[in-house]
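Me: Please go through the model below with me, one point at a time. I would like the criteria stated along with the values.

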Protein chains: 2
Amino acid sequence: MGRRSDHSRQELRDMIITEGHRQMTANGYASFSARKVAKRIGYSIGTIYNIFGTLDDLVLAINGRTLDLWREYLEARLDNLEQGRLQQAVEAYFEFAVLHRNAWNAVYDFHLPEHEEPPEDYVEKVVAIKNVVVEEIAAALPAGRREEAVSLSYSLLATVHGHCFFTLNGTFKILGETNPLNAAIARVEDSIAALKNDCRPSES
Amino acid sequence: MGRRSDHSRQELRDMIITEGHRQMTANGYASFSARKVAKRIGYSIGTIYNIFGTLDDLVLAINGRTLDLWREYLEARLDNLEQGRLQQAVEAYFEFAVLHRNAWNAVYDFHLPEHEEPPEDYVEKVVAIKNVVVEEIAAALPAGRREEAVSLSYSLLATVHGHCFFTLNGTFKILGETNPLNAAIARVEDSIAALKNDCRPSES
DNA sequence: TGCAAAATTGATCACTGTTCAATAAAATAA
DNA sequence: TTATTTTATTGAACAGTGATCAATTTTGCA
């Protein structure tokens, strides 16, 4: 058949991602299926594959949507905030993950085949989230050390991520840690304090 | 049939885990299959299910094996080491993950069904790794603050984990971070320094 | 020996990702 | 308008998956 009159190709692509993201959020990566998405939007399995080529590409598109929503969530939480921006940023990082745990986990459960690179627009979305964080770290640093903000941001992002990950996957529960969010914030503040108190250039 | 004369039930269980771990290491979580394990050890698919009940339980057993090997790797690297134990611990954490990336990822790719608890012996293995870390953190702290070692250990474990995770999943590559190991060590030292320099009890 | 208990099987089911010839609809040309 | 080309869509077919369980075979014991 030809194009159904009521959907452009781009609109259809978007429909699939939206419904896919809905199912990912509801049921998680493990029980995600392209067929279920197709059925729900009233198209056949073949159409999904015509548009995305591969299940991996569909999952990447859905995860990309999650990254977009995540960044928007961070930005909204920081909008017009005067005090405690850094703490709010960490809190928002956690909150989004808890609120959308299935979709958030899917971002990290999915792995590209070895030696394959993520598509450019996916990379951009990751970088966009990083930029939100770099901004806040830079603002928290003493004026003379802001050029270290970028490299420190990578590291503090990983620090917060680790705490968030252990919260969602149950490791902190096993270990008996009861306030991971505070712990994450404390670690971030430790490193910023270290940079403030110290005259040596920070490692990494 | 009855028991094959050459394998006790426990030995068979172990065979399955060993071969499962081998395949997990070689091919990763995404293409892991109980049938392939069965075929490789010369048993039928039914036997796997008789012994483990569920694919989840088999995966948990395989991941448990990974945790055992990981702890042994950490302990071996720290054995009889006088100086720089903490740095070595972090380095060993990374090294094991890189060396066994598929098996290591499987530990975190797998999720129990919501509201289900991990089996006791799995919990013990996680705690055992944590204990190795607690030991090293405690030794690095000033004598008077060692009671804070446990709670700080959870947090620093998460910190190192985050750096290790971003190394393996390619996030650091996207961001342009080139020396994640050094960054992780620097973060750990930041927090230990914060506790040393500060008189307030540490948060978290 | 015979018999009960334990271990092992694999066909069967409902599902998955993936492919691709066949088909139907729309766009364009005549 | 009609004919033709281009594009979009389909779903049967294939090989694989986790899971089940009646039937079967082996073993240990009386």
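**Helix burial and the chain interface**

Reply: Helix α6 (residues 101–109) of chain A is largely enclosed by the rest of the structure, because seven of its nine residues are buried. Buried means under 20% relative accessible area, exposed over 50%, and partly exposed in between (1.4 Å probe, protein chains only). Helices (H or I, at least four residues) and strands (E, at least two) are DSSP runs, numbered from the N terminus. This is a predicted model, in which local features need pLDDT of at least 70, side-chain atom pairs count only at pLDDT 80 or more, and totals for chains, interfaces and linings use all residues; side-chain values use heavy atoms, without hydrogens and water. Residues are numbered from 1 along each chain as its sequence is written, while chains are lettered from A and ligands numbered from 1 in the order in which they are written.

Me: What area do chain B and chain A bury between them?

Reply: The contact (heavy atoms within 4.5 Å) takes 45 residues from chain B and 44 residues from chain A. Buried area is the accessible area (1.4 Å probe) that two parts lose on being put together, summed over both. Of that area 62% is on carbon and sulfur atoms, and the total is about 3600 Å².

Me: How many salt bridges are there between chain B and chain A?

Reply: A salt bridge needs a side-chain nitrogen of Lys or Arg within 4 Å of a carboxyl oxygen of Asp or Glu. K173(B) and E117(A) form one, with their closest N and O atoms 3.1 Å apart. The count between the two chains is two.

Me: Which helix gives the most to the side of chain B that touches chain A?

Reply: At least two residues each come from α6 (101–109), α7 (120–140), α8 (149–168), α9 (171–175) and α10 (180–197) of chain B. With 13 residues, the helix that gives the most is α8(B).
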